[in-house]
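Me: I would like to learn how to read some features of a protein model. Please give the general idea each time, then the case at hand.

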Amino acid sequence: MLLYALTIFVSAFLLFQVEPVIAKIILPWFGGSAAVWTTCLLFFQMVLLLGYLYAHAVVAYLKPRVQMVVHGGLLLASAVALPIYPSLAWKPSGAEEPTFAILKLLMLSVGLPYFLLSTTGPLLQAWYARRFKGAMPYRLYALSNAGSMLALISYPVLFEPFLGVRRQAVGWSIAYGAFVLLCGFTAVRSGNGAVVDHLEQAADGERPGVRQYALWLLLPACASVLLLAITNHLSQNVAAIPFLWVLPLAIYLLTFILCFEGSGWYRRNPYLQLLAVALASMAVVDGVDATGAVPIKILVPLFAMGLYTCCMVCHGELARLKPHPKYLTHFYLMISAGGALGGLLVGFVAPRVFPALYELQIGLGLCAVLTLVVLAGDDEYAWFRQLLPPPQLLAAAAVAAMGGVAAYGFRGELMAAGNVAMHAFQKNWEPPDGFMTTVVLAALAIGSLILLAAMRGAQARRELAGMTVELLALVLIGYLGFQLRGLTAGYRVAERNFYGSLKVRDNGPATDFDATRALTHGTINHGEQFLNPARRDLPTTYYGPNTGVGVAIREKGKTKAIRVGVIGLGTGTLAAYGRAGDYFRFYEINPLVLGIARTQFTFLGDCKAKLDVAMGDARLSLENETAHGIDEHFDVLAVDAFSSDSIPVHLLTREAVQVYLKHLNPDGVLAVHISNRYLDLQPVVAGLAKSSGRLARVVDTDDDESQDVFGATWVLLADPRYGLGPEEERASGDIQSQRKVALWTDDYSNLFQILR
């Protein structure tokens, strides 16, 4: 038992330790996008499925000694892939479709080792069950998940803060070599040990039915969808950092451990009640956070606890459906297929099908419906037997979702009806904040109640408990439909791809003096333009005349035509500073942004300067220009490539600054935009300035609503031999942050240290 336990634990630790390691290595190669992690998870889940398929086939069709030889041979072959640090020759050129490029890179670098690690759990558990006469191996499954969680928890605490990514990769490769020897020894012992025909030992096991197989697939799929959807939500709006990758995945694995350890920790009472609270809380907070109003200290813990509760229910109900060891590999195969299905839906299908981030609402609704479907087939509590059959329940959920979508179009009428109703009780009544939500929920509750009463007929009065639970679920689903419609309603453009969700909206008619058109990425405004023709060429938002970048461009342009580089296009607002004789060059990785900037905004078209847009990751583009002997001679280079509040770390490292300086004139200014709700980037930029021998000054400005200018924080870096201009000096101050942060390099960075 000890040998099997040790081998499974080590394999699980390495399996999940390699995920953040390789993801962090390739993150800068694909623009630092939060979707890199989602795509990595998709790859890992798909390979995990292949590993479980392999384990199932080996156990089902090969004799024990042949299993030993085949698996041992593959273990030795996988050592060829070591060390796992990907070759720099595999860096993308920028023209590739990022999802497929990431999948290809991962297959080449860690594919075979990861595949062999993924086979270890189910294969060794099957060997254990065979050798020890059909013994129940589910505690080994819990141990496997414990090893996985230890790997994830230890990474941001013990490995990331102290080791660069190259050392992490080398250390992991050495540990994998030791695992090959350990697993090979275990395979030999299993192949040569006394064998009992496990099929005969399990002959009395009950054969799972179609419903059981379906739930083995759907329950882990639902948990996987929620894992990835919540990770997406946090990563795109906070930062694409290992901590926010690891936290949801660790919670996900913790629930597996708790549910499969011994008799399991999952109890329907109180987890079903907690599930109702968790689903409602996440739905409400997601609606509020559409405005970016929820602090990180509330957002992260709330979604973490919500994910924990949902996964405990999904995995707890899954554990209740465990089969006899005869069907062990069937069970694990379906669990893996469910996880891969969830990953495929969120990581591959959603960005190509949905115009906005719909998967969180879909995941929450799916969890509510699936839970009722599971309970409807049980008789533990009397109200379980009162639930509608699954086909009727699914039909009711579909009607509720469509009702919620339709309710969004009648918001005004519902609000008016709510006001009339309240005035009947209180003459001087004024609607409070959030009254719209209350009215919508009330309307959905009335509609759902009528629907359920119609479906039940005369049985309604005798089934009040079950009907009440269904009512709560339908109101939640209706509200999620209402939210889902609101994600794109009223927008001129709503598009989505690998790099995130982009929306364009007009805030008033073009005849209004102050009317604007805005571009948002996630919850963050990425630029606005006045619709009034007389004002449309004014620089707005974070780029007003008195902001750091505005001051730098105006100062350099006082005596000559200038060359300006901008990392991050957005709406193209900085092109408003372009004059005849100037040259502006934008670097943009997201093709959707370029299309929107050209078709929805006029900054680029109205620019009087010569203007180019280089597509692809900005740093890779600048490196390629250097490799081809091109020096851009920028007078100002603005770094402003941050998506939502998430930042691409590879643009703020020592090596990145060295690339920028190669394209700056000796007296040029590097302007770095560091406005961020969640991260204090001042000490990071201070360290970069010190390492590159540059002086650094902060320009911090306030809102100016009359000019549609937002408060913004820019840091200006310049060669101390030339310094900054008089206006730049007057507008700027010293960096104020007292945090001590180690220098960021391509090999080392730690955003956890600078969380606000």
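**Reading the model**

Reply: C259 counts as buried, at 3% relative accessibility; buried means under 20% relative accessible area, exposed over 50%, and partly exposed in between, with a 1.4 Å probe and protein chains only. C259 sits in helix α9, residues 242–260. Helices are DSSP runs of H or I with at least four residues, strands are runs of E with at least two, and both are numbered from the N terminus. The model is predicted: local features need pLDDT of at least 70, side-chain atom pairs count only at pLDDT 80 or more, and totals for chains, interfaces and linings use all residues. Residues are numbered from 1 along each chain as its sequence is written, and side-chain values use heavy atoms, with hydrogens and water left out.

Me: How do I read a salt bridge, and how many does the structure hold?

Reply: A salt bridge is a side-chain nitrogen of Lys or Arg within 4 Å of a carboxyl oxygen of Asp or Glu. The structure holds 32 of them. One of these joins R352 and E97, whose closest N and O atoms are 2.9 Å apart. This pair links distant parts of the chain, 255 residues apart: R352 is in helix α12, and E97 is in the loop between α3 (64–78) and α4 (98–131). Both ends are partly exposed, R352 with a relative accessible area of 37% and E97 at 34%.

Me: Which parts does the salt bridge between D378 and R320 tie together?

Reply: The N to O distance in that bridge is 3.8 Å. D378 lies in the loop between α13 and α14, while R320 is in helix α11 (residues 296–320), so the bridge ties together parts 58 residues apart in sequence. R320 counts as partly exposed at 43% relative accessibility.

Me: What about R654 and E655, are they buried or partly exposed?

Reply: R654 is partly exposed, with a relative accessible area of 33%, whereas E655 counts as buried at 19%. They form a salt bridge, with the closest N and O atoms 3.2 Å apart. Elsewhere, salt bridges that share partners join R268, E317, R320, D378 and E380 into one network.

Me: How should I read the way α13 and α14 cross?

Reply: Axes are lines fitted to C-alpha atoms, for helices over the stretch in contact, and angles run from 0 to 180 degrees between N-to-C directions. Angles under 35 degrees count as roughly parallel, over 145 as roughly antiparallel, 65 to 115 as roughly perpendicular and the rest as oblique. The axes of α13 (residues 359–376) and α14 (residues 390–408) come within 10 Å and cross at roughly 160°. The two helices are therefore roughly antiparallel to each other. Their crossing is right-handed; a crossing is right-handed if the near helix is turned clockwise from the far one by less than a right angle, and left-handed if anticlockwise.

Me: At what angle do α14 and α16 cross?

Reply: The angle is roughly 155°, and the axes of α14 and α16 (residues 435–456) come within 11 Å. That makes α14 roughly antiparallel to α16. The crossing of this pair is right-handed.

Me: Which residues make the nonpolar surface patch?

Reply: Patches are made of residues with over 30% relative accessible area and no salt bridge; like charges are joined within 9 Å, nonpolar side chains (Val, Leu, Ile, Met, Phe, Trp, Tyr) within 5 Å. Accessible areas come from the Shrake-Rupley method with a 1.4 Å probe, and for residues only the protein chains shown count as cover. Here M46, L341, L344, L345, V349 and V353 make a patch of about 420 Å². Helix α12 (residues 328–353) gives the largest share, five residues. L345 is in that helix and counts as partly exposed at 38% relative accessibility.
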